[in-house]
Amino acid sequence: MNMQEYISQAEQDLLHTYNRFQIVLDRGEGVHLYDIEGREYLDFVSGIAVFALGYHYPGYDEALKDQIDKLIHTSNYYYNVPAIEAARKIKAASGMDRVFFTNSGAEAVEGALKAARKYAYTRDGHTDHEIIAMEHSFHGRTFGALSVTGNAHYREAFEPMIGNIRFAQLNDYDSVLSRVTDRTCAIILETVQGEGGLIPAEAEFLRKIRKLCDEKDILLILDEIQCGMGRTGHMYAWQKYGVKPDIMTTAKALGCGVPVGAFLMTERVGQNSLVAGDHGTTYGGNPLACAAVSRVLDIYESDGIVGHVKEVAPYLESKLDELVSRFDFIIERRGTGLMQGLKCDRPVGDIINRAVSSGLILINAGADIIRFVPPLIIEKEHVDRMIDILTKALEEV
Ligand SMILES: *Cc1c(COP(=O)(O)O)cnc(C)c1O
(Lines give C-alpha, C1' and ligand atoms only; values in the text may rest on other atoms or scores of the structure.)
Protein backbone atom coordinates (compact mmCIF):
# COMPACT_ATOMS: atom_id res chain seq x y z
CA MET A 1 0.00 0.00 0.00
CA ASN A 2 1.15 3.55 -0.61
CA MET A 3 0.90 6.35 1.90
CA GLN A 4 -2.50 7.61 0.73
CA GLU A 5 -3.95 4.11 0.89
CA TYR A 6 -2.70 3.60 4.44
CA ILE A 7 -4.21 6.92 5.45
CA SER A 8 -7.60 6.00 3.92
CA GLN A 9 -7.54 2.71 5.77
CA ALA A 10 -6.62 4.40 9.04
CA GLU A 11 -9.52 6.80 8.66
CA GLN A 12 -11.91 3.86 8.38
CA ASP A 13 -10.56 1.96 11.37
CA LEU A 14 -9.07 4.32 13.96
CA LEU A 15 -11.37 6.47 16.02
CA HIS A 16 -10.98 9.98 14.67
CA THR A 17 -9.80 11.73 17.84
CA TYR A 18 -6.88 13.45 16.10
CA ASN A 19 -6.69 15.57 12.96
CA ARG A 20 -3.52 13.89 11.80
CA PHE A 21 -0.83 15.21 9.50
CA GLN A 22 -1.03 13.39 6.18
CA ILE A 23 2.14 11.34 6.59
CA VAL A 24 2.77 7.77 7.71
CA LEU A 25 5.98 7.57 9.70
CA ASP A 26 8.17 4.53 9.41
CA ARG A 27 11.47 4.95 11.24
CA GLY A 28 13.71 7.41 13.01
CA GLU A 29 17.44 8.04 13.16
CA GLY A 30 19.07 10.62 15.42
CA VAL A 31 16.94 13.76 15.11
CA HIS A 32 15.30 12.72 11.85
CA LEU A 33 12.15 10.80 10.99
CA TYR A 34 11.36 9.02 7.72
CA ASP A 35 7.96 8.29 6.23
CA ILE A 36 7.11 5.04 4.47
CA GLU A 37 8.03 6.60 1.12
CA GLY A 38 11.50 7.43 2.42
CA ARG A 39 11.10 11.21 2.86
CA GLU A 40 13.25 12.71 5.61
CA TYR A 41 11.91 15.09 8.28
CA LEU A 42 13.87 17.09 10.83
CA ASP A 43 12.03 16.45 14.09
CA PHE A 44 11.35 19.44 16.36
CA VAL A 45 8.50 17.72 18.20
CA SER A 46 10.09 14.44 19.34
CA GLY A 47 6.73 12.72 19.78
CA ILE A 48 5.68 15.70 21.94
CA ALA A 49 8.68 15.99 24.24
CA VAL A 50 9.17 12.22 24.46
CA PHE A 51 12.26 11.35 22.41
CA ALA A 52 14.70 13.42 24.44
CA LEU A 53 17.58 11.26 23.18
CA GLY A 54 16.36 11.17 19.59
CA TYR A 55 16.07 7.86 17.78
CA HIS A 56 18.42 4.91 18.41
CA TYR A 57 20.69 6.67 20.86
CA PRO A 58 23.73 4.43 21.49
CA GLY A 59 22.98 1.98 24.29
CA TYR A 60 19.24 2.63 24.50
CA ASP A 61 17.97 -0.06 22.11
CA GLU A 62 20.41 -2.57 23.60
CA ALA A 63 18.95 -2.13 27.08
CA LEU A 64 15.46 -2.87 25.76
CA LYS A 65 16.57 -5.82 23.64
CA ASP A 66 18.40 -7.36 26.60
CA GLN A 67 15.32 -6.99 28.78
CA ILE A 68 13.00 -8.48 26.13
CA ASP A 69 15.19 -11.57 26.13
CA LYS A 70 14.84 -11.84 29.91
CA LEU A 71 11.37 -10.77 31.04
CA ILE A 72 8.98 -8.12 29.74
CA HIS A 73 6.41 -8.14 32.50
CA THR A 74 5.74 -9.31 36.01
CA SER A 75 2.92 -8.24 38.26
CA ASN A 76 3.67 -5.63 40.92
CA TYR A 77 3.07 -8.41 43.45
CA TYR A 78 6.70 -9.39 42.79
CA TYR A 79 9.92 -7.37 42.82
CA ASN A 80 11.92 -6.87 39.64
CA VAL A 81 15.47 -5.55 39.29
CA PRO A 82 14.86 -2.92 36.55
CA ALA A 83 12.17 -1.25 38.69
CA ILE A 84 14.40 -1.32 41.77
CA GLU A 85 17.26 0.27 39.81
CA ALA A 86 15.06 2.78 38.00
CA ALA A 87 13.52 3.89 41.31
CA ARG A 88 16.94 4.48 42.87
CA LYS A 89 18.10 6.50 39.87
CA ILE A 90 15.00 8.67 39.56
CA LYS A 91 15.16 9.43 43.27
CA ALA A 92 18.75 10.58 42.81
CA ALA A 93 17.82 12.70 39.78
CA SER A 94 14.80 14.32 41.44
CA GLY A 95 15.63 14.45 45.14
CA MET A 96 12.22 12.93 45.90
CA ASP A 97 11.91 9.94 48.25
CA ARG A 98 9.22 7.53 47.05
CA VAL A 99 8.20 6.58 43.52
CA PHE A 100 5.22 4.84 41.93
CA PHE A 101 5.62 3.96 38.24
CA THR A 102 2.66 4.37 35.86
CA ASN A 103 1.98 3.82 32.16
CA SER A 104 1.34 7.40 31.17
CA GLY A 105 1.33 11.00 32.28
CA ALA A 106 -2.38 11.12 33.00
CA GLU A 107 -2.08 8.04 35.18
CA ALA A 108 0.73 9.72 37.12
CA VAL A 109 -1.54 12.73 37.71
CA GLU A 110 -4.35 10.43 38.88
CA GLY A 111 -2.00 8.87 41.40
CA ALA A 112 -0.77 12.26 42.59
CA LEU A 113 -4.34 13.46 43.19
CA LYS A 114 -5.25 10.28 45.04
CA ALA A 115 -2.14 10.55 47.22
CA ALA A 116 -3.05 14.15 48.09
CA ARG A 117 -6.63 13.29 49.01
CA LYS A 118 -5.50 10.29 51.04
CA TYR A 119 -2.97 12.45 52.90
CA ALA A 120 -5.70 14.89 53.90
CA TYR A 121 -8.13 12.10 54.77
CA THR A 122 -5.52 10.42 56.98
CA ARG A 123 -4.92 13.71 58.78
CA ASP A 124 -8.55 14.95 59.09
CA GLY A 125 -10.67 11.81 58.97
CA HIS A 126 -13.09 13.32 56.44
CA THR A 127 -13.24 13.45 52.67
CA ASP A 128 -14.61 16.75 51.36
CA HIS A 129 -11.21 18.22 50.48
CA GLU A 130 -10.56 20.69 47.68
CA ILE A 131 -7.81 21.00 45.09
CA ILE A 132 -6.68 24.22 43.44
CA ALA A 133 -5.55 24.00 39.80
CA MET A 134 -4.57 26.63 37.23
CA GLU A 135 -6.43 28.09 34.27
CA HIS A 136 -4.88 27.05 30.92
CA SER A 137 -3.24 24.03 32.52
CA PHE A 138 -3.07 20.60 30.95
CA HIS A 139 -2.79 17.44 33.03
CA GLY A 140 -4.23 14.71 30.80
CA ARG A 141 -7.45 13.20 29.51
CA THR A 142 -8.62 10.79 32.20
CA PHE A 143 -11.32 12.01 34.57
CA GLY A 144 -9.13 13.06 37.48
CA ALA A 145 -6.50 14.67 35.28
CA LEU A 146 -9.16 16.32 33.13
CA SER A 147 -10.87 17.67 36.24
CA VAL A 148 -7.75 19.74 37.06
CA THR A 149 -7.15 20.74 33.42
CA GLY A 150 -7.95 24.42 33.00
CA ASN A 151 -9.47 24.21 29.54
CA ALA A 152 -13.28 24.22 29.62
CA HIS A 153 -13.46 23.04 26.02
CA TYR A 154 -11.74 19.74 26.92
CA ARG A 155 -14.05 19.19 29.92
CA GLU A 156 -17.44 20.38 28.72
CA ALA A 157 -18.95 17.26 27.13
CA PHE A 158 -17.72 15.03 29.94
CA GLU A 159 -19.15 16.81 32.96
CA PRO A 160 -19.50 16.19 35.81
CA MET A 161 -15.83 16.16 36.66
CA ILE A 162 -14.55 15.02 40.05
CA GLY A 163 -15.76 17.55 42.59
CA ASN A 164 -14.14 20.25 44.69
CA ILE A 165 -11.70 21.64 42.12
CA ARG A 166 -11.12 25.41 42.05
CA PHE A 167 -9.23 27.21 39.31
CA ALA A 168 -6.82 30.09 39.86
CA GLN A 169 -4.48 32.09 37.62
CA LEU A 170 -0.89 30.99 37.15
CA ASN A 171 1.55 33.66 38.40
CA ASP A 172 -1.20 35.48 40.28
CA TYR A 173 -0.65 34.64 43.92
CA ASP A 174 -3.72 36.52 45.14
CA SER A 175 -5.98 34.52 42.86
CA VAL A 176 -4.62 31.33 44.43
CA LEU A 177 -4.89 32.71 47.95
CA SER A 178 -8.51 33.71 47.40
CA ARG A 179 -9.39 30.10 46.57
CA VAL A 180 -7.79 28.57 49.64
CA THR A 181 -10.20 27.31 52.28
CA ASP A 182 -9.68 25.14 55.35
CA ARG A 183 -10.52 22.18 53.14
CA THR A 184 -7.82 22.78 50.51
CA CYS A 185 -5.59 19.71 50.37
CA ALA A 186 -3.45 20.37 47.29
CA ILE A 187 -2.36 22.92 44.70
CA ILE A 188 -1.42 21.43 41.34
CA LEU A 189 0.43 23.22 38.56
CA GLU A 190 2.86 22.66 35.72
CA THR A 191 6.21 24.24 36.54
CA VAL A 192 6.17 25.38 32.91
CA GLN A 193 2.77 25.24 31.23
CA GLY A 194 3.06 23.24 28.01
CA GLU A 195 -0.18 22.88 26.02
CA GLY A 196 -1.48 26.09 27.64
CA GLY A 197 1.13 28.21 25.90
CA LEU A 198 4.73 27.62 27.10
CA ILE A 199 4.40 29.79 30.18
CA PRO A 200 6.90 29.28 33.04
CA ALA A 201 5.77 29.75 36.61
CA GLU A 202 7.53 32.78 38.05
CA ALA A 203 10.08 32.21 40.84
CA GLU A 204 8.38 34.59 43.24
CA PHE A 205 4.96 33.01 42.61
CA LEU A 206 6.32 29.52 43.27
CA ARG A 207 8.09 30.60 46.46
CA LYS A 208 4.94 32.19 47.82
CA ILE A 209 2.89 29.10 46.96
CA ARG A 210 5.46 26.92 48.72
CA LYS A 211 5.25 29.09 51.83
CA LEU A 212 1.46 29.04 51.76
CA CYS A 213 1.48 25.25 51.45
CA ASP A 214 3.88 24.92 54.38
CA GLU A 215 1.78 27.16 56.60
CA LYS A 216 -1.49 25.40 55.87
CA ASP A 217 -0.27 21.82 55.35
CA ILE A 218 -1.42 21.91 51.73
CA LEU A 219 0.47 19.62 49.34
CA LEU A 220 2.20 21.20 46.36
CA ILE A 221 1.94 18.97 43.28
CA LEU A 222 4.20 19.97 40.40
CA ASP A 223 3.43 18.40 37.02
CA GLU A 224 6.78 17.96 35.27
CA ILE A 225 5.48 15.61 32.59
CA GLN A 226 6.43 17.93 29.74
CA CYS A 227 8.93 20.34 31.28
CA GLY A 228 10.88 17.72 33.24
CA MET A 229 13.70 15.39 32.22
CA GLY A 230 16.17 18.14 31.39
CA ARG A 231 14.12 20.09 28.87
CA THR A 232 14.55 23.41 30.68
CA GLY A 233 18.26 22.93 31.33
CA HIS A 234 17.51 21.46 34.76
CA MET A 235 16.63 17.83 35.33
CA TYR A 236 13.32 18.99 36.79
CA ALA A 237 12.24 22.55 36.16
CA TRP A 238 11.49 23.22 39.84
CA GLN A 239 15.13 22.54 40.73
CA LYS A 240 16.00 25.92 39.24
CA TYR A 241 13.74 27.71 41.73
CA GLY A 242 14.75 25.81 44.84
CA VAL A 243 11.05 25.15 45.43
CA LYS A 244 10.53 21.48 46.09
CA PRO A 245 7.12 19.90 45.56
CA ASP A 246 5.55 17.44 47.97
CA ILE A 247 4.43 15.35 45.02
CA MET A 248 5.64 15.53 41.43
CA THR A 249 4.65 13.83 38.21
CA THR A 250 6.94 12.85 35.35
CA ALA A 251 6.39 10.93 32.09
CA LYS A 252 6.92 11.80 28.40
CA ALA A 253 10.77 11.72 28.16
CA LEU A 254 11.12 9.43 31.17
CA GLY A 255 11.25 6.30 29.00
CA CYS A 256 12.25 8.07 25.76
CA GLY A 257 9.59 6.22 23.78
CA VAL A 258 8.51 3.36 26.01
CA PRO A 259 5.18 4.26 27.66
CA VAL A 260 6.03 5.03 31.29
CA GLY A 261 5.40 7.73 33.86
CA ALA A 262 5.72 8.12 37.59
CA PHE A 263 4.54 10.11 40.54
CA LEU A 264 7.01 10.76 43.31
CA MET A 265 6.64 12.14 46.79
CA THR A 266 8.56 13.14 49.86
CA GLU A 267 8.98 10.64 52.66
CA ARG A 268 6.51 12.63 54.78
CA VAL A 269 3.76 12.25 52.19
CA GLY A 270 4.77 8.66 51.52
CA GLN A 271 4.38 7.77 55.19
CA ASN A 272 0.98 9.45 55.48
CA SER A 273 -0.92 8.70 52.28
CA LEU A 274 -1.21 5.65 50.06
CA VAL A 275 -0.80 2.25 51.71
CA ALA A 276 -1.11 -1.33 50.49
CA GLY A 277 -4.45 -1.80 48.75
CA ASP A 278 -4.99 1.94 48.04
CA HIS A 279 -3.58 2.10 44.55
CA GLY A 280 -2.27 -0.16 41.83
CA THR A 281 -1.59 -0.77 38.15
CA THR A 282 -1.03 -3.96 36.16
CA TYR A 283 1.67 -2.72 33.81
CA GLY A 284 3.12 0.29 35.64
CA GLY A 285 6.80 -0.17 36.39
CA ASN A 286 7.10 -3.37 34.45
CA PRO A 287 10.62 -4.63 33.70
CA LEU A 288 10.67 -3.48 30.06
CA ALA A 289 9.53 0.07 30.87
CA CYS A 290 11.90 0.32 33.82
CA ALA A 291 14.85 -1.02 31.81
CA ALA A 292 14.23 1.96 29.52
CA VAL A 293 13.99 4.43 32.42
CA SER A 294 17.11 3.04 33.99
CA ARG A 295 19.18 3.29 30.81
CA VAL A 296 17.81 6.74 29.98
CA LEU A 297 18.87 8.06 33.38
CA ASP A 298 22.32 6.45 32.96
CA ILE A 299 22.75 8.13 29.58
CA TYR A 300 21.65 11.51 30.96
CA GLU A 301 24.35 11.25 33.58
CA SER A 302 27.21 9.81 31.52
CA ASP A 303 26.61 12.01 28.46
CA GLY A 304 25.73 15.30 30.16
CA ILE A 305 22.36 15.66 28.41
CA VAL A 306 21.09 18.40 30.72
CA GLY A 307 24.32 20.39 30.32
CA HIS A 308 23.94 20.14 26.56
CA VAL A 309 20.48 21.71 26.79
CA LYS A 310 22.00 24.67 28.66
CA GLU A 311 24.51 25.10 25.83
CA VAL A 312 22.24 24.82 22.81
CA ALA A 313 19.03 26.44 24.13
CA PRO A 314 20.34 30.06 24.09
CA TYR A 315 21.17 29.59 20.40
CA LEU A 316 17.62 28.41 19.66
CA GLU A 317 16.26 31.36 21.67
CA SER A 318 18.35 33.90 19.76
CA LYS A 319 17.28 32.45 16.40
CA LEU A 320 13.61 32.48 17.42
CA ASP A 321 14.00 36.07 18.65
CA GLU A 322 15.26 37.01 15.17
CA LEU A 323 12.02 35.64 13.72
CA VAL A 324 10.01 37.69 16.21
CA SER A 325 11.69 40.89 15.04
CA ARG A 326 11.41 39.97 11.39
CA PHE A 327 7.74 38.91 11.10
CA ASP A 328 5.03 41.33 12.26
CA PHE A 329 2.50 38.60 12.92
CA ILE A 330 4.74 36.88 15.47
CA ILE A 331 3.93 38.56 18.78
CA GLU A 332 6.50 37.02 21.11
CA ARG A 333 8.74 34.10 22.00
CA ARG A 334 7.78 32.16 25.11
CA GLY A 335 9.20 29.33 27.11
CA THR A 336 12.54 28.24 28.46
CA GLY A 337 15.32 25.85 27.44
CA LEU A 338 14.28 23.48 24.67
CA MET A 339 10.62 24.14 25.37
CA GLN A 340 9.80 27.18 23.29
CA GLY A 341 6.85 28.76 21.53
CA LEU A 342 6.22 31.54 19.04
CA LYS A 343 2.93 33.26 19.77
CA CYS A 344 1.31 34.62 16.60
CA ASP A 345 -1.62 36.94 15.99
CA ARG A 346 -3.31 34.26 13.85
CA PRO A 347 -3.86 30.50 13.68
CA VAL A 348 -0.61 28.69 12.94
CA GLY A 349 -2.00 25.52 11.32
CA ASP A 350 -1.13 26.65 7.81
CA ILE A 351 2.46 27.51 8.77
CA ILE A 352 2.94 24.15 10.45
CA ASN A 353 1.47 22.23 7.51
CA ARG A 354 3.83 24.01 5.16
CA ALA A 355 6.79 23.19 7.41
CA VAL A 356 5.83 19.52 7.52
CA SER A 357 5.48 19.43 3.72
CA SER A 358 8.99 20.86 3.52
CA GLY A 359 10.49 18.24 5.82
CA LEU A 360 10.25 19.88 9.26
CA ILE A 361 8.07 18.36 11.98
CA LEU A 362 6.52 21.09 14.15
CA ILE A 363 3.42 21.22 16.33
CA ASN A 364 1.17 23.91 17.77
CA ALA A 365 0.20 24.67 21.36
CA GLY A 366 -3.31 26.09 21.18
CA ALA A 367 -4.41 27.66 17.91
CA ASP A 368 -1.89 30.46 17.69
CA ILE A 369 1.41 29.19 19.08
CA ILE A 370 4.10 27.26 17.19
CA ARG A 371 5.73 24.91 19.68
CA PHE A 372 9.35 23.70 19.67
CA VAL A 373 10.12 20.63 21.78
CA PRO A 374 12.99 18.98 19.88
CA PRO A 375 15.13 16.07 21.02
CA LEU A 376 17.54 17.38 23.67
CA ILE A 377 20.51 16.20 21.60
CA ILE A 378 20.01 18.74 18.79
CA GLU A 379 23.03 20.76 17.67
CA LYS A 380 23.24 24.32 16.33
CA GLU A 381 23.26 23.03 12.75
CA HIS A 382 19.83 21.48 13.33
CA VAL A 383 18.56 24.78 14.71
CA ASP A 384 19.86 26.51 11.57
CA ARG A 385 18.17 24.00 9.28
CA MET A 386 14.90 24.30 11.23
CA ILE A 387 15.03 28.10 10.98
CA ASP A 388 15.65 27.91 7.21
CA ILE A 389 12.60 25.75 6.58
CA LEU A 390 10.39 27.65 9.01
CA THR A 391 11.41 31.02 7.56
CA LYS A 392 10.26 29.89 4.12
CA ALA A 393 6.93 28.75 5.54
CA LEU A 394 6.54 32.09 7.34
CA GLU A 395 7.33 34.01 4.16
CA GLU A 396 4.72 32.05 2.23
CA VAL A 397 1.76 32.82 4.48
C1 LIG B 1 1.27 15.28 28.15
C2 LIG B 1 0.97 15.80 29.48
C3 LIG B 1 0.17 15.08 30.40
C4 LIG B 1 -0.54 13.80 30.02
O5 LIG B 1 0.35 12.78 29.71
P6 LIG B 1 -0.19 11.51 28.89
O7 LIG B 1 0.99 10.57 28.86
O8 LIG B 1 -0.58 11.99 27.53
O9 LIG B 1 -1.33 10.95 29.65
C10 LIG B 1 0.00 15.61 31.66
N11 LIG B 1 0.60 16.76 32.02
C12 LIG B 1 1.37 17.46 31.18
C13 LIG B 1 2.02 18.73 31.65
C14 LIG B 1 1.57 17.02 29.87
O15 LIG B 1 2.32 17.74 29.02
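Mentor: Contact means heavy atoms within 4.5 Å. This is a predicted model, in which local features need pLDDT of at least 70, side-chain atom pairs count only at pLDDT 80 or more, and totals for chains, interfaces and linings use all residues. Residues are numbered from 1 along each chain as its sequence is written, and side-chain values use heavy atoms, with hydrogens and water left out.

Trainee: With which residues is Ser 175 in contact, leaving aside neighbours within four places in sequence?

Mentor: Ser 175 is in contact with Ala 168 and Gln 169. Ser 175 itself belongs to helix α8; helices (H or I, at least four residues) and strands (E, at least two) are DSSP runs, numbered from the N terminus.

Trainee: Why is Ser 175 called buried?

Mentor: Buried means under 20% relative accessible area, exposed over 50%, and partly exposed in between (1.4 Å probe, protein chains only). Ser 175 has a relative accessible area of 8%, and is therefore buried.

Trainee: Why does Asn 171 count as partly exposed?

Mentor: Its relative accessibility is 22%, so Asn 171 falls in the partly exposed class. Asn 171 is located in the loop between β6 and α8 (173-177), and has a positive phi of about 65 degrees although it is not a glycine.

Trainee: Why is His 136 described as partly exposed?

Mentor: The relative accessible area of His 136 is 49%, so this residue is partly exposed. His 136 occupies the loop between β5 (130-134) and α6 (143-147).
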